[in-house]
Number of protein chains: 2
Amino acid sequence: MRIAILLYDDFTALDAVGPYEVLSRIPGAEVVFTAARRGPVRTDMKSLALTADAALDEVDAADVLLVPGGPGTEAQLSDPAVVEWVRAVDATTTWTSSVCSGSLILAAAGLLKGRRATSHWCCLDRLPRFGAEPTGTERIVVDGKYATAAGVSAGIDLALSLTGRLADDRTAEAIQLVIEYDPQPPYSAGSVATAPPGLVADLLSNNLLLR
Amino acid sequence: MRIAILLYDDFTALDAVGPYEVLSRIPGAEVVFTAARRGPVRTDMKSLALTADAALDEVDAADVLLVPGGPGTEAQLSDPAVVEWVRAVDATTTWTSSVCSGSLILAAAGLLKGRRATSHWCCLDRLPRFGAEPTGTERIVVDGKYATAAGVSAGIDLALSLTGRLADDRTAEAIQLVIEYDPQPPYSAGSVATAPPGLVADLLSNNLLLR
């Protein structure tokens, strides 16, 4: 089972690495990080690069496609090489998935027309321009073979859910135990609904934290 | 504020990237991934490499040191260059921290003698050989300036907790909202206490999933 994860400049590291940590542990899984060119790809925060082991033209099919988000998403939406690659690989997948603003790339490729989808909370309002129907209350949205996750850390939940479908519940539970995913956030500000008063507005006016 | 994250062959990606995603967003933070040599360092699952931007001898001080775990931990315990580097940088830190089996490296450097600490559930019983006192019920253990986290995904909780101490609660909450950390695991197998019957034994006899 081949799992292709797209990388591009200014993606958000955890969007890609959370799902990787889960999906790569499915017995028989082969993950390939893919970008415009082979080699290191810098994340949005700049102090980390992940290596793409394949260029886009070296990967023409996958059982699972995963597209992360991040501030670099915007530039991908108008890059024909990326959008056409996503569309072509999607034609071969069992599951096409995204984390965070990665859903905008799927949408720009025309894959989410008339479908329910989600994204990072700051980007939900951009989905309709591509014909997708945003849902703001679900962390993972599955519509047909398209599975979109909310922001950044939601990719871990997405990947465990996909593992149950790609393999079985026991395998997903085993991987959850291996990565000791028993989350105990020390704060309760993880969603727009639970964030303390004023925090959403503060962030929307603070490009540094949201970059 | 300088945050040094150690990389080594066969580390577990999420151990390092979970904390990075949080800590790198603290205003004024400068993260440096550090390894024996500059360049790509392969994770335990092999299909991903992270770039170390500095060699060990290029980093001699840090405000925060974070040591990830993984199957590659074992080889580090007997590598004098790594153990001595950890000891030397620790002498300069405000916080010295670990995720997963990374606590064994701190322990091998003599930093956890007589201190309470945690680790991945499969490694807890190895801490006493270095004079540390394992606690198996807490996800994050803080003893003095030493903060150790349980397995893999616990690094996200650790980093949010450290952010509250390094900056303030509001900053930690802002970062939690940026990474939309509102975990909703689709299974409840994330700890030894909640895993379904037989799963821990299955994993301990299955090197593939635990590697």
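Two residues are taken to be in contact if their C-beta atoms, placed from the backbone, lie within 7 Å. The structure is a predicted model, in which local features need pLDDT of at least 70, side-chain atom pairs count only at pLDDT 80 or more, and totals for chains, interfaces and linings use all residues. Residues are numbered from 1 along each chain as its sequence is written, while chains are lettered from A and ligands numbered from 1 in the order in which they are written.

Between the chains, 61 residues of chain A are in contact with 61 residues of chain B. Several elements of chain A each supply at least two residues to the side that touches chain B, including α1 (13–23), β2 (30–35), β4 (49–52) and α6 (169–178); helices (H or I, at least four residues) and strands (E, at least two) are DSSP runs, numbered from the N terminus. The greatest contribution to this side of chain A comes from α6(A), with eight residues. By class, this side has 38 nonpolar, 14 polar and nine charged residues, where Ala, Val, Leu, Ile, Met, Phe, Trp, Tyr, Cys and Pro count as nonpolar, Asp, Glu, Lys and Arg as charged, and the others, Gly among them, as polar.

Chain A is superposed on chain B by a rotation of 180 degrees with 0.0 Å of shift along its axis (RMSD 0.0 Å), using least squares on the C-alpha atoms of residues with pLDDT of at least 70 in both. The two copies are therefore related as by a two-fold rotation axis. In chain A, the C-alpha of A:Leu50 is the nearest to the axis, 2.3 Å from it. Both copies use the same surface, as 100% of the contact residues of chain A recur in chain B.
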